Amino acid sequence: MDQYTNSILHLPDFLVTGPATIKGKETESGLVIVETIHGRMTSPLPACCPHCQAKMHVNQHLDILLHHLSLGNRKIILEVGYEQYLCTGCHRTCCQPIPFKQPGHFATTCFQSMVEGFLSHADMTVKGLATALHTNRKLVREIDKSMLQGKYGQMLPTHYSAHLCVDEFSLHKGHRYATVVLDWQTGEILFLEEGNGERQLLHFFGKVGHAWMARVRSISMDMNAQYCKAVKSLYPHIHIVYDAFHIVKNFNERILTELRRLEQNRLREGIAQCKARCARLRKACNGAPPERKQALLAEIAELRLSIQEAGRKYASLKGSRYVITSSRKALMKKDGIAREHNRELADKYEGKGLPMPEGEHKWSIRNERRLEEILGEDQDLNLAFFLGDQLKAGLESTDGQSMRDGLEQWLRLSGSYVAQIPMLGAFNKMIRSRMDGIVSRVRFPVSNGPLEGTNNMIKTVRRQAYGYRDTEYFFLKLWDRSRRNPKHRSLDQVIEKRKMLNAKEQKSHKKIS
């Protein structure tokens, strides 16, 4: 192999001693041709023992198999012969060095470079790469982890960040969570740790240092009180910004969804009671006089009508969570897309008398109509939906004082309906206690939107590998993935865009009026 001198394929002090051996090997992915190159090391005998400086002599001859290259369905193996030396003085042994062997693995440094190249430039899973290179997953995983550790070290931020996002994500089953801190401007992960409490954010503050945190201006988060407490205790200069998406989501879950669930339970219990009453009345009909029996049958008929009506209402509420928690504008847009889709199917297939292909079907176009039906039958849901629309409108304001005044007015309005909808009391209390953080989004219109996208990336990385047992390796993979395509978000651009959208909406409202 002298022709590869001064190249990545060069194997120093390796002498080929005979023709290569080629054999076929059946694997799960098919037939693999294994080509074995036989040779030995030619480095000279050491002059003396490195421990006691005594003479050394050859003790025994050894062989080792090293994975060298993988080309298509061919796997190249090196059978390397080397010698073990014995000291005549201290009787210690040492082996002839193999400079191209990867420490800790039965592979060459050339093979490691090939694995690192695929991991860096190809979006391949560990299992997929191991199958493509005809090696085991453990070797590829250890090379990948070692490369990431050498690249990122202790996973510290490399630049200052003015705007942060913090959230939690599910790490393992059984309500085990981890905390992630993100740079809002670049989308790079800055911190990862198991747990979702105040301690994790304090660990982040201690890791980056006081000088780094002094440059932070705002931090966006959901309604997690633990994160808020950690920020206020150490860095009160940082503006806490509560994400509008999580505020609306909280309202949908605590008010709209809970009202729907309570109404469903009430209808279910009413149906069960009516059925039990019907059974008792049918039993009482046996042996009853004609006059009494006629009255019982009339009551049974009324109960059956009540059961049918309650069943119809229950069926309309069943599976209506998306319809109730969406805005009318979103439902109108979805119905419009569905009409266009159905029109295309009709032109392509039904109009020509062709059968509908497998997997294709018409979409529902009655989302908005279904919402109106549900709200028309339930007064509490109708009121809660109206309050939700008003809350969304108040959160879209681009002026701090206007937003505060609008939210105060909304709190007074919703407070008058607490007796009718008791869940509003706890929600209003939460809004009042977080008023400053909600209004801060006017000055700092950052959100947890980038972090929600990062959470989707985290789910994808975990799903591709069917889960990770090594949490450190998992965090390294996430740290690396978040830095592949950095973003360049600007706070001024977001503020200007929001003002333009609000002006456009106000202009359209004036035209309608």
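## Helices α4 and α6

Axes are lines fitted to C-alpha atoms, for helices over the stretch in contact, and angles between N-to-C directions run from 0 to 180 degrees. In this predicted model, the axes of helix α4 (residues 198–208) and helix α6 come within 8 Å and cross at roughly 40°. Angles under 35 degrees count as roughly parallel and 65 to 115 as roughly perpendicular, and α4 and α6 are therefore oblique to each other. The crossing of α4 past α6 is right-handed.

On the α4 side, the contact is made by E198, L201, L202 and F205. On the α6 side, the residues are Q226, Y227, K229, A230, V231, S233 and L234. Sorted by type, the residues of this contact are seven nonpolar, two polar and two charged.

## The five-strand sheet

Five strands form an open sheet in the order β9-β8-β7-β10-β11, and the pairing is mixed. Which strands are at the edges? They are β9 (189–194) and β11, each of which pairs on one side only. From one strand to the next, the twist averages 25°. Strands of a sheet pair through backbone hydrogen bonds, either parallel or antiparallel.

Strand β7 (residues 163–172) pairs with β10 in the parallel sense, over three bridges. Within this pair, L164 stands opposite I219 in β10. Helix α16 (residues 449–464) packs on the sheet, where it touches β7, β8 (176–183) and β9. The direction of α16 makes about 30° with that of β7.

## The β8–β9 hairpin

Strands β8 and β9 run antiparallel and are joined by five bridges. L182 stands opposite I189 in β9. The hairpin of β8 and β9 has five residues between the strands, and G187 takes a positive phi near 80° in this hairpin.

Strand β10 (residues 218–221) and strand β11 (residues 239–242) run parallel, with four bridges between them. In β11, the bridge partner of I219 is I240.

Helix α6 (residues 225–234) forms a β-α-β unit together with β10 and β11, and this unit is right-handed. Helix α6 is also the helix that α4 passes in a right-handed crossing.

## Helices α11 and α12

Helix α11 (residues 367–377) packs with helix α12 (residues 379–395) at an angle of about 120°, and their axes are 5 Å apart. That makes α11 oblique to α12. In α11, the residues L371, I374, L375 and E377 meet Q379, L381, N382 and F385 in α12. Five of the residues in this contact are nonpolar, two are polar and one is charged.

## Helices α13 and α15

Helix α13 (residues 400–415) and helix α15 (residues 435–443) have axes 9 Å apart and pack at an angle of about 140°. Angles over 145 degrees count as roughly antiparallel, so at this angle α13 is oblique to α15. Their crossing is right-handed.

What residues make the contact of α13 with α15? From α13 they are G400, M403, R404, L407, E408 and L411, and from α15 they are M435, D436, I438, V439, R441 and V442. By type, this contact has seven nonpolar residues, one polar and four charged.

Terms used: Residues are numbered from 1 along each chain as its sequence is written. This is a predicted model: local features need pLDDT of at least 70, side-chain atom pairs count only at pLDDT 80 or more; totals for chains, interfaces and linings use all residues. Side-chain values use heavy atoms; hydrogens and water are left out. Two strands pair if DSSP finds at least two bridges between them. Helices (H or I, at least four residues) and strands (E, at least two) are DSSP runs, numbered from the N terminus. A crossover is right-handed if, with the strands pointing away from the viewer, the path from the first strand over the helix to the second runs clockwise. A crossing is left-handed if the near helix is turned anticlockwise from the far one by less than a right angle, and right-handed if clockwise. Contact means heavy atoms within 4.5 Å. Ala, Val, Leu, Ile, Met, Phe, Trp, Tyr, Cys and Pro count as nonpolar, Asp, Glu, Lys and Arg as charged, and the others, Gly among them, as polar.
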